[in-house]
Amino acid sequence: MSETRKLANRYELGEPIGRGGMADVFEAFDTRLNRTVAIKILRSDLAHDPAFIARFRKEAQAAAALNHPTIVAVYDTGEDIYGEGRAATNVPYIVMEYVDGTTLRDIIKSGRKLPPERGLRIIAGVLDALAYSHRHGIIHRDIKPANIMIARSGEIKVMDFGIARALADASNTMTGGQTVMGTAQYLSPEQAKGETVDARSDLYSAGVLLYELLTGRPPFSGESPVSIAYQHVSEIPTYPSEIDPAIPKSVDSVVMHALNKAAKDRYQSAEEFQADVERIMSGIPISKESQPKPKPQPAVKTQVVTRTKSRGNSVLVLLALAGVFVGGVTVWLAMQIFGFDADSRTIVPSLEGLTVERATVLLQDEGLILGQITPENSERPQGTIISQSPNSGVEITPGQIVNITVSAGISKVTVPRLIGLISVDDARKVLADVGLRLGPVTETDSEQNTGVVLGSNPPEGTAIDAGTQVALTVSSGLKVIPQVVGLAEAQAITDLTNLGFAVEVIQQIGTPEQVGLVIAQAPKPGTKAKFDSLVTISIGVLPEDLPPPLPPEPAPEGEVG
């Protein structure tokens, strides 16, 4: 009989209770605290990158700071050695709260249809968790049924906060082969395009989840992840009430508001989304922004080219596909009329500064095809080409694809909530997620621990250009050392450690009345010191309680005393 696998000489692994593309989840027993836990162990093939391991650990620690009834708690993190010898790998694991229940994915796969009221109640719990995490600067990035637990008691629990971020940093949303990472059905348009995301990306994914809870299917499906991602960017989903007439029109409005392609047109906070959900459940009219609007009509493909000058990135994606089709027809005709063959060569023209429409025509004239269009924020005029591949002047055969990068202009982003973050590094990550940079950092005295963010300039909610610096004010961590002379030893240690000070205890001869009490301290009361500074306290003892002095060390041989 094989021995029970044990992690950190503490966690006894039991049966597997979940399996995903990134990790396996086991029921386990914490022998130190005598409680059942769940342990997520990352796949060994994802653990070869030291930078990824460091980021995974840091994100898990950040997620552990989240303490909310609708979030599966993270208790501990560590690394397990997998394999032997040179093949051994340190595999990260996360110790989480064990939830006695099932995932929302299993409920949906069972074919059970949830009534609209139950779907709304579930999404309200998910939004409650997101509102809390967003206030603490953590974006989930992977809201989907597999990450939502329904406890037997009916409680909603969201899990895997922070883990998706570590995985996203280890691999872009799109790989070079255009393979979508993660679950394509729940990606936001900005995730599908490989752009930086903010909290509103989670709200789009929550809208997809609500759509599926109401209708029994996600808004988009396809034969491949890429085709589904394309629909998130460019297609308009069918209204839920058209699938199930029992769904109220007010619910249609909330779902479609959450599923807007542009983040600025969606709900701007989880609280705002949650408020409308709760209004519907209470029979109260929803907010004006979510009122029913005429259903948009899909754009006719022949109109795409004539409407691209002031359109967003979704049109660029449509235009790329149109370019491939039109370019392919053009090349075929050119080969028939002008006699191009496999040995023909043509020079790639310079496309820099041109519009997509002009570049398409120019490439067609050379028998080439417009390929992938990648939008990128830039100070160059919006809609103009800023780079191409292959470069201009390269000689290639007709019929090949030329990919381009198009300026999306300087985008505006909203300064996120930074107050309360526990370090400058955390603030830097939150800013980077929305396309902003960390500016000057100023320390000021505060009762908060060292490095906790107290304010930002510009402040939270301000709309500024992407790439702008945001200055921070952080706590110096200086705290006043209290008066502990006269207190019992245990009480003095408790008071000092609760304030974040390290304590050193020494013994000092005192009177019988002073035995066990603090009779001196250093530094003096009222002194300001940083978190974890050392405070020495002297505890009164009687002379006979002091340990005997150590005997003098013998002199080295050959030395005369």
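Contact means that heavy atoms lie within 4.5 Å. Keep that in mind for what follows. The model is predicted: local features need pLDDT of at least 70, side-chain atom pairs count only at pLDDT 80 or more, and totals for chains, interfaces and linings use all residues. Residues are numbered from 1 along each chain as its sequence is written, and side-chain values use heavy atoms, with hydrogens and water left out.

Start with the whole chain. The protein chain has 15 helices and 24 strands. Both are DSSP runs, numbered from the N terminus: helices are H or I with at least four residues, strands are E with at least two. Of the 561 residues, 43% are buried. Buried means under 20% relative accessible area, exposed means over 50%, and partly exposed lies in between (1.4 Å probe, protein chains only). Take the contacts between residues at least 6 apart in sequence: 66% of them join residues at least 24 apart. The chain exposes about 28700 Å², and carbon and sulfur atoms supply 53% of that. Such areas come from the Shrake-Rupley method with a 1.4 Å probe; for residues, only the protein chains shown count as cover.

Now find helix α10, residues 270-282. Its 13 residues should span 18 Å at 1.5 Å a residue, and its end C-alpha atoms are 18 Å apart, which agrees. The expected span is 1.5 Å times one less than the number of residues. The buried residues of α10 are Ala270, Phe273, Gln274, Asp276, Val277 and Ile280. Seen down the axis, they fall within an arc of 160°, so they line one face of the helix. That arc is taken from the directions from the helix axis to the C-beta atoms. What covers these buried residues? The cover includes α3 (116-135), α6 (199-215) and α9 (249-258). After α10 comes Gly283, with a positive phi near 75°.

Stay with Phe273. The structure holds one aromatic pair. Tyr267 and Phe273 form this pair, and it is stacked: 4.7 Å centre to centre, with 5° between the planes. Rings of Phe, Tyr and Trp (its six-membered ring) pair if their centres lie within 6.5 Å; planes under 30 degrees apart count as stacked, over 60 as edge-to-face and the rest as tilted. Tyr267 is buried at 0% relative accessible area, and Phe273 is buried at 0% as well.

The charged end of Arg35 sits over the ring of Tyr75, 3.8 Å from its centre. This requires NZ of Lys or CZ of Arg within 6 Å of the ring centre and within 35 degrees of the ring normal.

Next, look at Lys144, in the loop between α3 and β8 (148-151). Is Lys144 buried or exposed? Lys144 counts as buried, because its relative accessibility is 16%. Leaving aside neighbours within four places in sequence, Lys144 is in contact with Thr183 and Tyr186. Lys144 and Ser205 are 61 residues apart in sequence, but 7.2 Å apart in space, C-alpha to C-alpha.

Finish with the backbone. A cis peptide bond joins Ser389 and Pro390, with omega about 5°. Pro390 lies in the loop between β12 (385-389) and β13 (395-396). Another cis bond joins Asn457 and Pro458, again with omega about 5°. Asn34 is not a glycine, yet its phi is positive, about 55°. Asn34 lies in the loop between β3 (23-30) and β4 (35-42), and is exposed at 57%.
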